Amino acid sequence: MTEKPDPRKPDPLKPDPWRVPVAIAQIPDTGLHRDLKADETIRQAIADVGDLREVLSAQASLDVTPTSGGRYHVAGHVRARIGQICVVTLEPMESDIDELIDLTFAPPDQIPEMAALVDEAEHSDGDTLDPLEAIENGIIDLGRVATDALYLAVNPYPRKPDAVFEPLVEAADPEDHPFAALRALKVEPKKPDKKKPKGK
């Protein structure tokens, strides 16, 4: 039996469905703001990669701000309306997504160092550090940021609000109880023989 892929883990063999690359060299010191909206072709690609029935709408609002050490903070949210199949009724259903985005991108040479710091924090009593995202070829792909957040928010086991599991209830069999077998083995007691007294 083939395991159904988890929508929160997109197929790595498929290309990114939503690409909005931003060159860090073009980001001003004051930062920039981008409002993104996925067209029908992109929405279909998002659905295909995430194994969703459909994506009815998808948009993101993101702010990119330079920080120290060549890093960039990306904050905002992604909103979407997706179509899935209810795991209880197996009927089509729709769900709304509103996921916050709060990421920090850094040059690739800072990522191994950061990974070591995160690992060290996990084995100590200190606060866990959020891992950095790598800036690839001088680019931050806001479309990929929005898509990853969308997939993360997808419920892999969607259920309609009024859907309830109704287990099959069978009529009770009077013979089906713990003492049924004992009753079957019960032997009718023998009646004593009525013999005439001797000498009469």
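Reply: Gln110 is buried, with a relative accessible area of 16%. Buried means under 20%, exposed over 50%, and partly exposed in between, all with a 1.4 Å probe and protein chains only. This is a predicted model, in which local features need pLDDT of at least 70, side-chain atom pairs count only at pLDDT 80 or more, and totals for chains, interfaces and linings use all residues. Residues are numbered from 1 along each chain as its sequence is written, and side-chain values use heavy atoms, with hydrogens and water left out.

Gln110 sits in the loop between β5 and α2 (111-122). Helices (H or I, at least four residues) and strands (E, at least two) are DSSP runs, numbered from the N terminus.

What does the side chain of Gln110 reach? It comes to 2.7 Å from the backbone oxygen of Gly69. It also makes a polar contact of 2.6 Å with the side chain of Arg71. A polar contact is a pair of N or O atoms within 3.5 Å; within protein, one must be able to donate a hydrogen and the other to accept it, and residues adjacent in sequence count only if both atoms are side-chain atoms. Setting aside neighbours within four places in sequence, Gln110 is in contact with Gly69, Arg71 and Leu132. Contact means heavy atoms within 4.5 Å.

Next, Ser68. It lies in the loop between β3 (54-66) and β4 (72-85). Ser68 is exposed, at 61% relative accessible area. Its C-alpha is 9.7 Å from that of Ala106, 38 residues away along the chain.

Now strand β5, which spans residues 92-106 and includes Ser95. Ser95 counts as buried, at 18% relative accessibility. Beyond residues up to four places away in sequence, Ser95 touches Ala80, Arg81, Ile82 and Gln84.

β5 also takes part in the largest pocket, giving the most to its lining with 6 residues. On a 1 Å grid over the protein atoms alone, a pocket is an open set of points with protein on both sides within 12 Å along at least five of seven lines, whereas a cavity is a set where a 1.4 Å probe fits but cannot get out; lining residues have an atom within 4 Å of a point. The largest pocket holds about 470 Å³ of space. Its volume is the space filled by probe spheres set on the points, which are joined across faces, edges and corners.

Which residues lie nearest the centre of the largest pocket? They are Phe105, Glu133, Arg144, Val145 and Asp148, from a lining of 19 residues. β5, β6 (133-134), β7 (139-141) and α3 (142-153) each supply at least two lining residues. By type, the lining has 10 nonpolar residues, no polar ones and 9 charged ones. Here Ala, Val, Leu, Ile, Met, Phe, Trp, Tyr, Cys and Pro count as nonpolar, Asp, Glu, Lys and Arg as charged, and the others, Gly among them, as polar.

α3 turns up again at helix α1, where β3 and α3 are among what covers the buried residues. α1 covers residues 40-50, with Ile42, Ile46, Ala47, Val49 and Gly50 buried. Asp39 caps its N-terminal end, with a side-chain oxygen 3.2 Å from the backbone nitrogen of Thr41.

After α1 comes Asp51, with a positive phi near 55°. Most residues other than glycine have a negative phi. Asp51 lies in the loop between α1 and β3. At 34% relative accessibility, Asp51 counts as partly exposed. Asn137, not a glycine, has a positive phi of about 55°. Asn137 lies in the loop between β6 and β7. Asn137 is exposed, with a relative accessible area of 79%.

Last, the whole chain. It has 4 helices and 7 strands, in the order β-β-α-β-β-β-α-β-β-α-α. Of its 200 residues, 29% count as buried. Among contacts between residues at least 6 apart in sequence, 66% join residues at least 24 apart.

Where is care needed? Average pLDDT is 81, and 66% of the residues score at least 70; pLDDT is the predictor's confidence in each residue, from 0 to 100. Residues 1-5 stay under 50, and the model has 2 contacts for them beyond four places in sequence. Where pLDDT is low, the predicted coordinates should not be read in detail.
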